[in-house]
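Here are some notes to read alongside the model. Please keep the structure open and find each residue as it comes up.

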Amino acid sequence: MSQAIVFQNARLLDGRSPEGEHDRFVRAEGGLIREISDKPIRDSGARTIDLRGRTLMPGLIDCHVHVVAGLVNLGQNALLPDALVAFHAQRIMGEMLARGFTTVRDVGGATYALVDALEQGLTTGPRLIVCGKALSQTGGHADFRGRYDNRDADYQTRRLGALGRICNGVDACREAARDEIRQGAQFIKIMANGGVASATDPIAFIGYSSDEIRAIVEEARNAQTYVAAHLYTDEAIARAVELGVRSVEHANLIEKKTASLMKERGAIACPTLVTYEALKNEGESLGLPAASVAKIDDVRLRGLESLEIMHDAGVTMAYGSDLLGPMHRHQSEEFVIRGRVLPAIEVIRSTTIHAAELIGMTGKIGVIAPDAYADFVVVDGDPLADLSLLTGQGRHLPIIVKGGEFIKNELN
């Protein structure tokens with residue numbers, strides 16, 4: 001059992017109020033937040049830490065990661081031995097936690113075995129929410145065989161390094177969705193548009209028929225969960241939202257009317273702008289195929305405008321990074337990119353209360369409140385005034401706590 005913690009004189013910032021709350025006292029015990037007060041909390045058995053001049057935030061949440069993506073070339077990544085992929089994932093998750101991300105949502109690739117490994121204490125990393133393998137049609141965004149590899153697509157379904165599995169037709173899509181849920185998927189991910197990292201699907205390609213998406217959405221709802229979809233173009237986003245997709249990944253090419261539709265239907269966006277900057281600067285040198293390099297600017301150049309369109313429409317936006325291989329180190333730079341066009345408090349909300357809403361864990365993560373998980377990051381300074389304090393590989397985070405356990409403590 002972890003020792004109780006009392007934070008004194010803390011400025012709390014979880015996005016529920018525009019400026020946060022000053023001079024608060026917080027007690028955590030048994031992995032949960034137990035008490036918050038504007039008066040000192042007495043607990044003789046607790047570890048007491050004075051946070052005057054610092055900001056106490058919930059543990060950060062990233063809603064779009066691929067922890068099995070140790071290589072930038074995802075076709076090659078799918079061919080790696082599972083053991084090697086698992087060790088890549090171990091390193092990637094450990095580094096995410098060291099940046100202050102205490103919960104991440106993997107949107108293609110990670111299996112429930114990695115969740116089990118974390119829960120059993122076999123490895124260290126953020127709390128992991130998984131969809132298993134993303135569902136893709138033949139030639140879609142999770143089909144990395146290219147034009148000349150004619151192996152049966154099923155060869156990648158059970159490989160840890162593969163981000164997705166191929167299924168075609170209503171019955172096969174139903175079966176695949178049910179199978180991923182059987183294996184521990186906590187939501188379902190589909191590839192409903194062309195993508196950058198795959199070879200045979202231009203960005204404008206639309207993935208899956210309407211009947212296939214309806215069937216997948218129905219299976220997710222039957223399992224009391226939701227569908228997330230890889231989406232770029234306005235046409236594809238509007239269609240997916242009309243068909244019941246709840247989580248719109250990327251959304252770079254969205255227009256105002258479709259943003260209003262998302263708001264009306266309660267769909268949540270998960271933009272991932274940092275990955276396009278990283279791919280533009282480093283992708284080719286790290287092995288991204290030429291066909292993929294040629295597609296980067298098709299989505300990169302509209303990224304900031306898409307944020308403005310969705311913000312103006314009142315669309316809820318969660319934090320996402322979507323990085324691959326060595327580019328994972330840029331994970332926290334998404335804060336600064338979004339801060340170029342969005343109010344800082346909205347950027348903070350994307351990694352706290354909005355991210356928790358998308359994941360379906362409102363009140364448990366992304367908030368500093370009684371009965372929430374004791375996940376914390378302490379920031380040297382005010383991130384509302386300087387979002388870059390959340391970057392730098394955790395350099396400005398002297399304390400990181402996950403589930404009441406100190407991951408890092410440089411204050412006492």
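1. The largest pocket has a volume of about 540 Å³. The model is predicted, so treat this value as computed from a prediction. In total, 23 residues line the largest pocket. Those closest to its centre are E119, P126, R127, L128 and K402.

2. Which elements build the lining of the largest pocket? Helix 3 (112-119), strand 8 (127-130) and strand 17 (405-409) each supply at least two residues. Helix 3 gives the most, with four residues.

3. In the largest pocket, twelve lining residues are nonpolar, seven are polar and four are charged.

4. Now turn to the second largest pocket. About 390 Å³ of space lies in it. Its lining has 22 residues. Nearest the centre of this pocket lie T157, R165, D179, E180 and Q183.

5. Two elements to find around the second largest pocket are strand 10 (164-166) and helix 4 (170-182), and each supplies at least two lining residues. Helix 4 gives the most here, with five residues. The lining of the second largest pocket divides into nine charged, eight nonpolar and five polar residues.

6. How many disulfides does a search of the whole structure find? The search finds zero. Take C131: the nearest cysteine sulfur belongs to C270 and is 12 Å away. A disulfide needs two cysteine sulfur atoms within 2.5 Å, so C131 is in none. C270 is in no disulfide either, and the nearest cysteine sulfur to C270, that of C63, is 5.3 Å away.

7. Are C131 and C270 buried or exposed? C131 has a relative accessible area of 0%. The cut-off for buried is under 20%, so C131 counts as buried. C270 also has a relative accessible area of 0%, and is buried.

8. The buried residues are L273, V274, T275, Y276, A278, L279, E282 and G283.

9. What covers the buried residues of helix 8? The cover includes two strands, strand 12 (227-233) and strand 13 (247-253). It also includes helix 10 (296-300), helix 11 (303-313) and helix 12 (334-339). Trace each of these elements in turn.

Key. Residues numbered from 1 in each chain as written. Predicted model: local features only at pLDDT ≥ 70, side-chain atom pairs only at ≥ 80, totals over all residues. Heavy atoms only, no water. Buried < 20%, exposed > 50% of the residue type's maximum accessible area, 1.4 Å probe, protein only. Contact = heavy atoms within 4.5 Å. 1 Å grid on protein atoms, 1.4 Å probe; cavity = no way out; pocket = protein on both sides within 12 Å on 5 of 7 lines; lining within 4 Å. Points joined across faces, edges and corners; volume = space filled by probe spheres on them. Nonpolar A, V, L, I, M, F, W, Y, C, P; charged D, E, K, R; others polar.
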